[in-house]
Amino acid sequence: MGNRLVVVWLVLVAAVMLNDMGECKCDFQAIFNFGDSNSDTGGFWAAFPAQSGPYGMTYFKRPAGRATDGRLIIDFLAQAIGIPFLSPYLQSIGSDFRHGANFATLASTVLYPQTSLFVSGVSPFSLGIQLRQMQQFKVKVDQLYSSGSNLPPPDIFGKSLYTFYIGQNDFTSQLKDIGVGEVQKIMPQVVSQISNTIKEIYGMGGRTFLVLNLAPVGCYPMFIVQIPHQSSDMDEYGCLKTVNNGVEWYNNLLRDTLAQTRKDLPDASVINVDTYSLLLELFHNPKNHGLQYGPRACCGYGGGTYNFNPQVFCGNTKTIDGQTVTATACGDPYNYVSWDGSYSSPPSGGSHYGLRCRHHNGGDDAPPPRILPTAFSTRCSLLPQRPRLGNVSFATCIKITESGRSSQPYRTRASSSEEASLDTNEIFEDFKEKWDAVEDKSTVLLYGGGAIVAVWVSSILVGAINSVPPLPKIMELVGLGYTGWFVYRYLLFKSSRKELATDIESLKKKIAGTE
């Protein structure tokens with residue numbers, strides 16, 4: 001019985017080890033987010049209550065403060081880490097800040113707005129204001145935290161992920177009036193402000209920063225319809241290539257600035273996430289990924305190529321040419337890359353990026369799963385481990401594969417000054433340290449060699465058994481029966497579990513030679 005118990009125990013340990021090796025570990029205890037409508041979970045509507053349907057129609061089944069029909073990237077991130085959705089900092093009722101806070105608001109900019117919300121439509125809660133809110137949040141946590149409150153412990157700020165998805169409104173708010181060339185002149189100030197904000201938060205204890213670049217807004221129906229252009233400005237997929245070229249220029253500027261920021265903060269991880277390339281692929285080739293429509297709004301009015309009319313936005317009713325019209329939502333948002341002409345639909349806004357810690361499963365935003373269904377799978381998470389002091393390297397393990405092959409166009413790239421690649425030297429040094437710490441190396445090598453031989457012999461034995469037609473099914477029945485017996489004998493009752501634990505400890509002592 002003791003030998004059989006050892007075999008079962010080794011199988012269970014091997015299964016757990018393989019499972020752990022196949023998944024990344026996300027050990028962040030909180031997220032603090034800074035952004036605009038791409039990551040606002042209700043801040044704007046807490047300040048200016050008015051949101052109505054069809055926003056929130058798929059996942060939440062009601063308006064939930066998000067500028068889309070379901071979840072956002074920040075929601076998928078929270079679920080990947082295993083924490084609740086982030087409460088908006090501006091929401092006074094029902095908020096829980098134990099796992100972070102969301103400072104993002106719809107229509108926010110990086111730079112301070114020059115006019116009011118009611119004149120330009122730009123939110124007063126720019127990145128500078130969001131940073132001040134974060135600073136005040138930390139002050140209140142230090143002053144008011146007590147066990148059982150809805151505030152996090154004061155040491156949370158060094159154990160958190162800080163996310164930035166902002167800058168789109170700086171790029172687009174004046175695009176129609178002054179053009180790409182003039183917009184580019186102000187963008188160096190934008191990336192500089194993002195970098196300075198990261199440094200401010202670093203001074204507060206933050207060490208891991210995730211910065212998403214701009215999406216290809218030249219493929220968003222809202223801008224295609226409103227920005228004056230010639231046919232020569234369009235690419236073959238119906239997107240404004242002149243605008244997207246400007247976005248690429250900005251994203252390169254952001255990447256280079258963040259690389260320098262990474263050098264300035266020696267024990268921090270500053271990750272630049274390329275959402276542009278992936279969304280551009282979806283807009284250009286939606287049918288290759290289980291969607292139907294690229295640059296066309298799900299929620300809009302007007303039909304045609306883009307289904308967008310700037311006189312009546314999603315969910316609104318207006319009188320146009322003497323006729324009362326409403327911009328309504330389509331019945332299949334999971335077939336669209338664009339939700340309302342200026343934001344992504346949840347599947348493309350979240351799970352497309354592979355921003356989950358475990359695997360892609362489509363979620364509740366769409367029938368399971370319509371987006372990158374079986375040909376694509378997220379092997380690991382975009383999220384890194386929290387950096388350890390004294391270890392400045394950063395490793396990500398995101399990889400999106402197509403039928404087992406690396407698929408570069410669909411990869412969400414994360415880069416630091418080392419391009420976020422695996423540091424092989426660090427892995428070797430870590431292994432060397434652990435090996436040097438082993439006292440009885442000969443015993444470890446003996447058991448290791450024995451384990452390899454045992455696996456080899458077992459594979460030969462299993463192959464021989466499988467070659468005899470009736471035996472595989474019989475062995476399956478035996479295995480199921482033994483598994484049932486093992487669960488009943490050692491796992492079902494508390495006393496049995498204690499006995500199992502005692503046997504395992506005894507076995508460990510015998511292996512280590514301490515008994």
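User: In this predicted model, are D75 and R66 buried or exposed?

Analyst: Both D75 and R66 are buried. That word needs a relative accessible area under 20%.

User: What makes D75 and R66 a salt bridge?

Analyst: Their side chains meet at 2.7 Å, N to O. The cut-off is 4 Å, between a Lys or Arg nitrogen and an Asp or Glu carboxyl oxygen. So the D75 and R66 pair qualifies.

User: How many salt bridges does the structure hold?

Analyst: It holds nine. Another one joins D267 and R207, at 3.2 Å, N to O.

User: Why does the D267 and R207 pair tie together separate parts of the sequence?

Analyst: D267 lies in the loop between helix 9 and strand 5. R207 lies in the loop between helix 7 and strand 4. The parts are 60 residues apart in sequence, so the pair ties them together.

User: Why is D267 called buried?

Analyst: D267 has 15% relative accessibility. Buried means under 20%, so D267 counts as buried.

User: What links K199 and D264?

Analyst: A salt bridge of 3.2 Å, N to O, between their side chains. K199 sits in helix 7 and D264 in helix 9, 65 residues apart.

User: Why is K199 called partly exposed?

Analyst: K199 has 32% relative accessibility.

User: Where does UniProt place the feature "transmembrane region"?

Analyst: The unreviewed entry places it at several spans, including residues 72-90 and 474-492. In the model, residues 72-90 are 47% helix, while residues 474-492 are 95% helix.

Terms used: Residues are numbered from 1 along each chain as its sequence is written. This is a predicted model: local features need pLDDT of at least 70, side-chain atom pairs count only at pLDDT 80 or more; totals for chains, interfaces and linings use all residues. Side-chain values use heavy atoms; hydrogens and water are left out. UniProt positions are given in the numbering used here, feature names are shortened, and annotations may be inferred rather than shown by experiment. Helices (H or I, at least four residues) and strands (E, at least two) are DSSP runs, numbered from the N terminus. Buried means under 20% relative accessible area, exposed over 50%, partly exposed in between (1.4 Å probe, protein chains only).
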